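Biologist: I am new to reading structures like this one. Could you walk me through it, one feature at a time?

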Amino acid sequence: MFTGIILAIGNIASIQPEGGDCRLKINTGKLPLDDAQLGDSIAVNGVCLTAIELGADYFCADVSNETLSRTILKSAVIGTPVNLELALTPSTRMGGHIVSGHVDGIGKVLEKKADGRSIRFRFKAPDSLARYIAEKGSICINGISLTVNEVDGAVFSVNIVPHTLKETTLGTTETGDEVNLEVDLLARYLERLMKGEAAAKCQGNITEALLQNSGFIR
């Protein structure tokens with residue numbers, strides 16, 4: 001588990017094909033690896049990866065076809081900058097929100113414009129994720145815990161303050177770029193819980209009929 005508070009910007013050092021998927025070597029920049037161990041989870045642009053090799057300033061991880069198909073790691077090249085975060089510990093300050101590192105989909109930057117000293121981004125999420133994104137709720141973008149300002153269908157906006165622009169890859173993210181999205185973990189489980197016993201048979205989404213049968217609306 002993670003908090004969405006980025007600790008460092010690293011970059012892709014090498015990409016090695018491995019039997020249909022790949023192995024990444026990631027330069028870790030200022031990420032503190034003093035107490036890191038083999039098998040530890042490290043979030044790379046919001047993707048939870050397992051360290052299989054550790055150096056003083058790098059780690060290696062295997063990336064499955066499933067992960068490549070669902071995240072922007074599939075388009076990474078040598079030198080691509082990435083946001084990095086170590087897994088949380090019992091003493092970690094919970095400054096963001098609960099992030100699993102399991103990316104739900106890929107979004108796209110529609111607009112980037114100045115808003116005071118901040119930068120306002122507008123993103124387009126996949127239609128299937130729109131129901132999980134709420135005004136003033138939390139969302140994880142490339143591993144960064146952010147607050148949603150506005151929502152219009154599958155389009156939402158966030159404001160990025162100067163510190164976050166400096167300490168994450170959002171500072172160099174431009175209109176048209178793709179980003180990893182992870183919706184609020186609680187929203188996903190709430191949807192499943194609301195289906196009750198029907199969850200074992202229900203393959204669809206929450207509907208008005210389901211809400212009525214569950215007593216949420218009349």
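Biologist: Leaving aside its neighbours within four places in sequence, which residues is leucine 146 in contact with?
Modeller: Before I answer, a word on the model: it is predicted, so local features need pLDDT of at least 70 and side-chain atom pairs count only at pLDDT 80 or more, while totals for chains, interfaces and linings use all residues. Residues are numbered from 1 along each chain as its sequence is written, and side-chain values use heavy atoms, with hydrogens and water left out. Contact means heavy atoms within 4.5 Å. By that rule, leucine 146 touches Gly137, Ser138, Ile139, Ile141, Val158, Ile160 and Leu170. Leucine 146 sits in strand S11 (residues 144–147); helices (H or I, at least four residues) and strands (E, at least two) are DSSP runs, numbered from the N terminus.

Biologist: Is leucine 146 buried or exposed?
Modeller: Buried means under 20% relative accessible area, exposed over 50%, and partly exposed in between (1.4 Å probe, protein chains only). Leucine 146 has a relative accessible area of 8%, so it is buried. Now look at lysine 136, 10 residues away along the chain, with 9.4 Å between the two C-alpha atoms. Lysine 136 is exposed, because its relative accessible area is 56%.

Biologist: What is the phi of lysine 136?
Modeller: Most residues other than glycine have a negative phi. Lysine 136 is not a glycine, and yet its phi is positive, about 70°. You will find lysine 136 in the loop between strand S9 (118–124) and strand S10 (138–141). Asparagine 45 also has a positive phi, near 55°, and it lies in the loop between strand S3 (41–44) and strand S4 (47–50). Asparagine 45 counts as buried, because its relative accessibility is 5%.

Biologist: How should I read a sheet, and what is the order of the strands in the open sheet of 7 strands?
Modeller: Strands of a sheet pair through backbone hydrogen bonds, either parallel or antiparallel. Two strands count as paired if DSSP finds at least two bridges between them. Here the order is S4-S3-S7-S1-S2-S6-S5, and the pairing is antiparallel. S4 and strand S5 (53–54) are the edge strands, each pairing on one side only. Within the sheet, S3 and strand S7 (residues 81–86) pair over 3 bridges, and isoleucine 42 has leucine 86 in S7 as its bridge partner.

Biologist: Which strands pair with S14?
Modeller: Strand S8 (residues 105–115) pairs with S14 in the antiparallel sense over 4 bridges, and S10 pairs with S14 in the antiparallel sense over 3 bridges. Glycine 105 has leucine 181 as its bridge partner in S14, while cysteine 140 has glutamate 182. S14 (residues 178–183) is mostly covered, with 5 of its 6 residues buried.

Biologist: How many salt bridges does a search of the whole structure find?
Modeller: Side chains of opposite charge can pair when their charged atoms come close. A salt bridge is a side-chain nitrogen of Lys or Arg within 4 Å of a carboxyl oxygen of Asp or Glu. The search finds 11 of them. One of these joins lysine 30 and glutamate 167, at 2.8 Å from N to O. Lysine 30 is in the loop between strand S2 (21–27) and S3, and glutamate 167 is in helix H2 (residues 162–167), so the pair ties together parts 137 residues apart in sequence.

Biologist: Which residue forms a salt bridge with glutamate 150?
Modeller: Arginine 120 does, and the closest N and O atoms are 3.6 Å apart. This pair links distant parts of the chain, with glutamate 150 in strand S12 (residues 150–152) and arginine 120 in strand S9, 30 residues apart. Arginine 120 also meets aspartate 115 in a salt bridge, at 3.4 Å from N to O.

Biologist: And to finish, how many helices and strands does the protein have?
Modeller: There are 4 helices and 14 strands. Of the 218 residues, 41% count as buried. The C-alpha atoms fill a box of roughly 60 × 45 × 35 Å along the principal axes.
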